[in-house]
Amino acid sequence: MDQKTALITLAETLATHQGVTHFAISMRVHRKGDFFKNLMDGSDCRTATAAKVLAFFHENWPADLEWPADIPRPKTSKEEAA
């Protein structure tokens, strides 16, 4: 799975779990409601932006929601130090 598809999948999974739209998730992550819509429509983002968004998901993922198995979850700085 490419990085763009992974970000969209994470946004849709979290939105469904929380009963909101991907626009709401976009506002939380990127302060812009159209970030994920633009990705879905074919736009792309910079590597640094993708890393920031992925870090947001990792840090804010609900404990009662399983992380999608086909998307590698980033390690925290504590996990990397161990």
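Which residues does Ser26 touch, not counting residues up to four places away in sequence? The close-ups below, taken from a predicted model, start with that residue.

**View 1. Ser26 and the residues around it.** Leaving aside residues up to four places away in sequence, Ser26 touches Arg31, Lys32, Gly33, Asp34, Phe35 and Phe36. You will find Ser26 in helix 2, which covers residues 22-30. Ser26 counts as buried because its relative accessibility is 0%, and the cut-off for buried is under 20%.

**View 2. Helix 1 meets helix 2.** Two packed helices are described by the angle between their axes and the distance between the axes. Here the axes of helix 1 (residues 3-18) and helix 2 come within 8 Å and cross at roughly 110°, so helix 1 is roughly perpendicular to helix 2. The crossing of these two helices is right-handed. On the helix 1 side, the residues in contact are Ala11, Leu14, Ala15 and Gln18, and they meet His22, Ile25 and Arg28 of helix 2. Sorted by class, this contact has four nonpolar, two polar and one charged residues.

**View 3. The salt bridge of Lys37 and Asp41.** Side chains of opposite charge can pair when their charged atoms come close. The model has one salt bridge, and Lys37 forms it with Asp41. The closest N and O atoms of this pair are 2.5 Å apart. Lys37 counts as partly exposed because its relative accessibility is 35%, whereas Asp41, at 53%, counts as exposed.

Definitions and conventions. Residues are numbered from 1 along each chain as its sequence is written. This is a predicted model: local features need pLDDT of at least 70, side-chain atom pairs count only at pLDDT 80 or more; totals for chains, interfaces and linings use all residues. Side-chain values use heavy atoms; hydrogens and water are left out. Helices (H or I, at least four residues) and strands (E, at least two) are DSSP runs, numbered from the N terminus. Buried means under 20% relative accessible area, exposed over 50%, partly exposed in between (1.4 Å probe, protein chains only). Contact means heavy atoms within 4.5 Å. Axes are lines fitted to C-alpha atoms, for helices over the stretch in contact, and angles run from 0 to 180 degrees between N-to-C directions. Angles under 35 degrees count as roughly parallel, over 145 as roughly antiparallel, 65 to 115 as roughly perpendicular and the rest as oblique. A crossing is left-handed if the near helix is turned anticlockwise from the far one by less than a right angle, and right-handed if clockwise. Ala, Val, Leu, Ile, Met, Phe, Trp, Tyr, Cys and Pro count as nonpolar, Asp, Glu, Lys and Arg as charged, and the others, Gly among them, as polar. A salt bridge is a side-chain nitrogen of Lys or Arg within 4 Å of a carboxyl oxygen of Asp or Glu.
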